[in-house]
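Trainee: Could you take me through a close look at the sheet in this model, and at what packs on it? I would like one connected account.

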Amino acid sequence: MTDQERYIDVWNNCLRIIENIIEPQQFNTWFKPIRPVSFDQATLTVEVPSDFFREYLESAYLDVIRMTLKRVIGSDARLVYLIKVVRNQPSIKVPQQLVGTPTNRPMNVSAANPGENPGPFVYPGLHKIQVNPRLNPVYNFANLVEGECNKMGITAARNIAVAPGKTPFNPLFIFGGPGLGKTHLAQAVGIAIKEKFPELVVLYVTGNEFKTQYMDAVAVHNKLTDFLAYYMRMDVLIVDDIQDLMGQGCQNAFFNVFNHLHQSGRQLIFTSDRPAVELKNFEERLLSRFKWGLSVQLSYPDYHTRLQMLKSRAFREGVSFSDELYEYLASNIKTNFRELEGALISVIAHSTVHTDRDPVAIAADVIQKIVGEAKLDISIDKVQKNVCEYFNITRDDLLSKSRKRQIVQARQIAMFLCRQFISNCSLATIGAEIGGKDHATVLHSCNTVSDLMSTDKVFRKYVNDIEEMLTSSQR
């Protein structure tokens, strides 16, 4: 019997060993679906339902698999996975990791004097340290789906990546609700800078981590000078969730770091869940510096952006679903990218185990039980009704040709919300239903609302209040 003919026997021998090691339910779920494909010399190739399946298998049972292969095949045994797409869709290629994990060059630091108790950023006997940039290689520009919701932010970020610290966008202040891609965009800049300028030292840190490190340096080690010197050596500093940077002492330390880096032409990037003007308990001098560069708001993704994001993530996971599945998820989850991705990953996981179920039916269960976002039954008529109620105007006023400021803003907000919440509704349809406008007018109105939301907090409150009126009735 040749090696090629032995693959079934080899895999069956492996299964017999594994079955005696792990729980029956786990064995049936994670090993029975695996199908042996070939055995060549010491390499066994097996087919698994998805890349998600493979990742979980290796994270949970890697030691068991290694030990079993060594016993059955020998010390030179190798296992190769062949990815089978979900529900017999045409095979697709799984992309290779686009970038490696970024690293910084060694950085000079002052070593502690003999007998000293060194601070958290001083290493006795060492004159160089390796600063971990703490960048996730998955958060690169290639994996970032662009849409109207983040177009301005991506454009500014790409400009920064080409010339960090030398553009007007310093600092770059990215704000928006949870799950809209703030962390991804901020880290994508850092990754792109490391690719183009490997000699630069990049650091990603959260506001809460900065605060904790500051407290540790002051209260425990009494090494505030070391703490400040460490951060002042960065070429690119990315601070996520800057709103967590609370406390007068911590903000004063950050103020000094900011001033030093900015005056030295280093790049600063911040993210926040709210615009700088709405940050509470922040020193005014710090808030004014946040506004020096460019503030960019990330808004809710529109239908087409949500659809593209789902297809992109499915491709990265090595699976392929029907357009019906993507359209169903994109139509029912409107709030943010994180919930969309979470729902898709759940569908992949359940589809891997329950291969006989329709993925769309699985998606309906996921949305109901996991995401907790029921299908929104929002129509143009309902949007008009809520807008009129909020501004205390009549529908005739809304649909009229009046150029009064309140009426115009109400009309523009109605068009914006229709585009946000009603899937497969064209600009022409929205315009026809709201005052008989053409698609160009609707597009202009939507862009105007987006711009005003990023600069006018009163106007932004109008839109957010009406969004809440529309969605609260669905709960």
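Mentor: Happy to! Some terms first: two strands pair if DSSP finds at least two bridges between them, while helices (H or I, at least four residues) and strands (E, at least two) are DSSP runs, numbered from the N terminus. Keep in mind that this is a predicted model, where local features need pLDDT of at least 70, side-chain atom pairs count only at pLDDT 80 or more, and totals for chains, interfaces and linings use all residues. Residues are numbered from 1 along each chain as its sequence is written, and side-chain values use heavy atoms, with hydrogens and water left out.

Now to the sheet. In general, strands of a sheet pair through backbone hydrogen bonds, either parallel or antiparallel. Here three strands make an open sheet with mixed pairing, in the order β1-β2-β3. At its edges lie β1 (35-40) and β3 (78-83), each of which pairs on one side only. On average, neighbouring strands are turned by 25° against each other, direction ignored; the axes behind such angles are lines fitted to C-alpha atoms, for helices over the stretch in contact, and angles run from 0 to 180 degrees between N-to-C directions.

Strand β2 (residues 43-48) runs parallel to its partner β3, and six bridges join the two.
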